[in-house]
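Please keep the sequence and the model in view while I talk.

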Amino acid sequence: MTKAEKVQFTIDTLKEIYPTIPIPLDHKDPYTLLIAVLMSAQSTDVRVNQITPLLFERADNPYDMVKLTVEEIREIIKPVGLSPMKAKGIHGLSEILIAKHNGEVPANFPDLEELPAVGHKTASVVMSQAFGIPAFPVDTHIHRLMYRWGFSNGKSVEQTERDAKRLFPEELWNDLHLQIIWYGREYSPARGWNLEKDIITRTIGRKTVIDEYNKKKSR
């Protein structure tokens, strides 16, 4: 298979498995999505979805959020981990949204990435999922699979993002990044990986990755 055929096979397979794509983080608008994504760093979506209702009950907009102290926010979000940094970020970005953006989440990368605790990946998720603007947020699943499939060298998430944007048509980015995340979780995880179930890697995967898998299995 040529590279182009492998890319097409991947797109077609993902579309077939995930014709409708669930959004991993529960939210109702750009602000609640931004907070949920920020909270998900080094945590699981399941855990975040358990905690955000408790936080949003108290404050689901920047004006109510700044009425809470950083300590109060930290107390609520403690179970998601890294709570001191995240609480500071949530409070700080809420202040900036009020001061600079009339309490609205800006729909552009420079303004989003200027907000405390908001990196490029968080900004990409918000651009893609809240505003429908093409972006390709790379999480650990996408980073792992792009390497397993031979589409990127695994050197850095920045490189993986560049390669994904180069290989996949822009109009598919917003769906595709979510389809790859779900596929990674369900069929091609980091631990407990079963190549038999992983049709994409089994069909187009990097030879060294498949050889390594078979070697481990035969031990």
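Predicted model: local features only at pLDDT ≥ 70, side-chain atom pairs only at ≥ 80, totals over all residues.

Let me begin with a definition: a residue is called buried under 20% relative accessible area, exposed over 50% and partly exposed in between, with a 1.4 Å probe and protein chains only. By that rule Asp211, at 37% relative accessibility, counts as partly exposed, and Lys207, with a relative accessible area of 61%, is exposed.

Residues are numbered from 1 along each chain as its sequence is written, and side-chain values use heavy atoms, with hydrogens and water left out.

Now, what joins Asp211 and Lys207? Their side chains meet in a salt bridge at 2.7 Å, N to O, where a salt bridge is a side-chain nitrogen of Lys or Arg within 4 Å of a carboxyl oxygen of Asp or Glu. Because they are 4 residues apart in helix H13, Asp211 and Lys207 are separated by about one helical turn; helices here are DSSP runs of H or I with at least four residues, strands are runs of E with at least two, and both are numbered from the N terminus. As a general point, an α-helix has 3.6 residues a turn, so residues three or four places apart point the same way.

How many salt bridges does a search of the whole structure find? The search finds 10 salt bridges. One of them pairs Lys28 with Asp60, with the closest N and O atoms 2.6 Å apart. Lys28 lies in the loop between helix H1 (3-17) and helix H2 (30-39), and Asp60 in the loop between helix H3 (45-58) and helix H4 (62-65), so this pair ties together parts that are 32 residues apart in sequence. Lys28 counts as exposed, at 58% relative accessibility. Another salt bridge is formed by Glu75 and Lys78, whose closest N and O atoms are 3.5 Å apart; Glu75 is partly exposed at 48%, and Lys78 is partly exposed at 44%.

Let us turn to the aromatic rings. Rings of Phe, Tyr and Trp (its six-membered ring) pair if their centres lie within 6.5 Å, and planes under 30 degrees apart count as stacked, over 60 as edge-to-face and the rest as tilted. The whole structure has 6 aromatic pairs, among them the stacked pair of Phe136 and Phe168, at 6.1 Å centre to centre with 10° between the planes. Since Phe136 lies in the loop between helix H8 (120-130) and helix H9 (140-148), and Phe168 in the loop between helix H10 (157-167) and helix H11 (173-186), the pair ties together parts that are 32 residues apart in sequence. Phe136 is buried, at 0% relative accessibility, and Phe168 is buried at 2%.

A further pair is that of Trp193 and Tyr213, which is edge-to-face because the ring centres are 4.9 Å apart and the planes stand at 65°. Trp193 lies in the loop between H11 and helix H12 (199-204) and Tyr213 in helix H13 (residues 207-218), so parts that are 20 residues apart in sequence are tied together. Both Trp193 and Tyr213 are buried. Ring pairs also link Phe136, Trp149, Phe151, Phe168, Tyr183 and Tyr187 into a cluster.

Two arginines deserve a look here. A charge sits over a ring if NZ of Lys or CZ of Arg is within 6 Å of the ring centre and within 35 degrees of the ring normal. Arg148 lies over the face of Trp193, 3.5 Å from the ring centre, and the charged end of Arg206 sits over the ring of Tyr147, 4.1 Å from its centre.

Finally, consider helix H2. Is H2 mostly covered or mostly uncovered? H2 is mostly covered, with 9 of its 10 residues buried, including Tyr31, Leu34 and Met39. Among the elements that cover these buried residues, through contact (heavy atoms within 4.5 Å), are H3, H4, helix H5 (70-77), helix H6 (83-101) and H8.
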